[in-house]
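Let's take a friendly walk through this structure, from its overall build to its cores, its surface and its salt bridges. Please keep the 3D view open as you read.

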Amino acid sequence: MLNPSYCSFLQHIKNFINETWIERHETPLQEYSLMLVWSFIVSVYPIGGLVGAQFAAALTLKYGRKKSLLCNDIVTIVAALIMGFSKMARSFEMIVVGRFLYGLNIGIGLVAHGLYLGEIAPKELRGAVCMTRAVFVAFGKWMGLVIGLR
């Protein structure tokens, strides 16, 4: 059974996509096309994460860990602005771009954050600090899955 708040969010986004499509083409999207667009919006986030994780090593080597993380925050702000103005611009494509940028941010952040922690931790605590980070990331994923079951 789906979470009622998730269903209302899903319906809100579907309505926004359909309204935008009707304004442009004067005909509503078919249900399967609407689900295809929704699926693409959902799936572009992990694709961005994959791309971000691939570029993270090169970014951290070229610019350093701290600068990479700070510049990565700009990506988050840009993604939030793009998604925030999507309703005003009447463009569901902006949601796709924003979610891709969020994914990019997560991919870069997960890699660069681990490297940065290993770099700044004292030698005697380095292993514990890096391991603690990995444990809490795994715990966060697990909690997300558990909460999502409700």
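## Overall build

Of the 150 residues in the chain, 27% are buried, where buried means under 20% relative accessible area, exposed means over 50%, and partly exposed lies in between (1.4 Å probe, protein chains only). This is a predicted model, in which local features need pLDDT of at least 70 and side-chain atom pairs count only at pLDDT 80 or more, while totals for chains, interfaces and linings use all residues. Residues are numbered from 1 along each chain as its sequence is written, and side-chain values use heavy atoms, with hydrogens and water left out.

The chain has six helices and zero strands, and its pattern along the sequence reads α-α-α-α-α-α. Helices (H or I, at least four residues) and strands (E, at least two) are DSSP runs, numbered from the N terminus.

## Dimensions and contacts

How does the radius of gyration of the chain relate to that of a compact globule of 150 residues? The chain has 19 Å, whereas such a globule would be near 15 Å. The radius is taken over C-alpha atoms, and the globule rule is 2.2 Å times the number of residues to the power 0.38. Along the principal axes, the C-alpha atoms fill a box of roughly 65 × 35 × 20 Å.

Among contacts with a separation of 6 or more, 66% are between residues 24 or more positions apart; a contact means heavy atoms within 4.5 Å. The chain exposes about 10,000 Å², and carbon and sulfur atoms supply 71% of that area. Accessible areas come from the Shrake-Rupley method with a 1.4 Å probe, and for residues only the protein chains shown count as cover.

## The nonpolar cores

A nonpolar core is a set of buried Ala, Val, Leu, Ile, Met, Phe, Trp, Tyr and Cys residues joined through side-chain atoms within 4.5 Å. The largest one holds 13 residues, and I13, I17, V37, I41, F92 and I95 touch the most other members. Helices α1 (4-25), α2 and α5 (93-120) each supply at least two residues of this core. Its largest share, five residues, comes from α2. Another core lies apart from it, with five residues that include A56, L101, L104 and I108.

Which residues does F92 touch, leaving aside those up to four places away in sequence? They are F16, I17, T20, W21, R24 and V37.

## On the surface

Helix α2 (residues 31-63) also contains Y32. This tyrosine counts as exposed because its relative accessibility is 64%.

Elsewhere, I77, L81, F85 and M88 form a nonpolar surface patch with about 440 Å² of accessible area together. Patches are made of residues with over 30% relative accessible area and no salt bridge, with like charges joined within 9 Å and nonpolar side chains (Val, Leu, Ile, Met, Phe, Trp, Tyr) within 5 Å. F85 counts as partly exposed because its relative accessibility is 43%.

## Salt bridges

How many salt bridges does the structure hold? There are five, each defined as a side-chain nitrogen of Lys or Arg within 4 Å of a carboxyl oxygen of Asp or Glu. One of them pairs K14 with E31, where the closest N and O atoms are 3.4 Å apart. This pair links distant parts of the chain, with K14 in helix α1 and E31 in helix α2, 17 residues apart. K14 is buried at a relative accessible area of 8%, whereas E31 is exposed at 51%.

R90 takes part in two bridges. With E19, the closest N and O atoms are 3.6 Å apart; that pair joins helix α1, where E19 lies, to the loop between α4 and α5, where R90 lies, 71 residues apart. E19 is partly exposed at 39% relative accessibility, and R90 is partly exposed at 23%. With E23, the closest N and O atoms of R90's bridge are 3.1 Å apart. E23 is in helix α1, 67 residues from R90, and is exposed with a relative accessible area of 51%. Through shared partners, the salt bridges join E19, E23 and R90 into one network.
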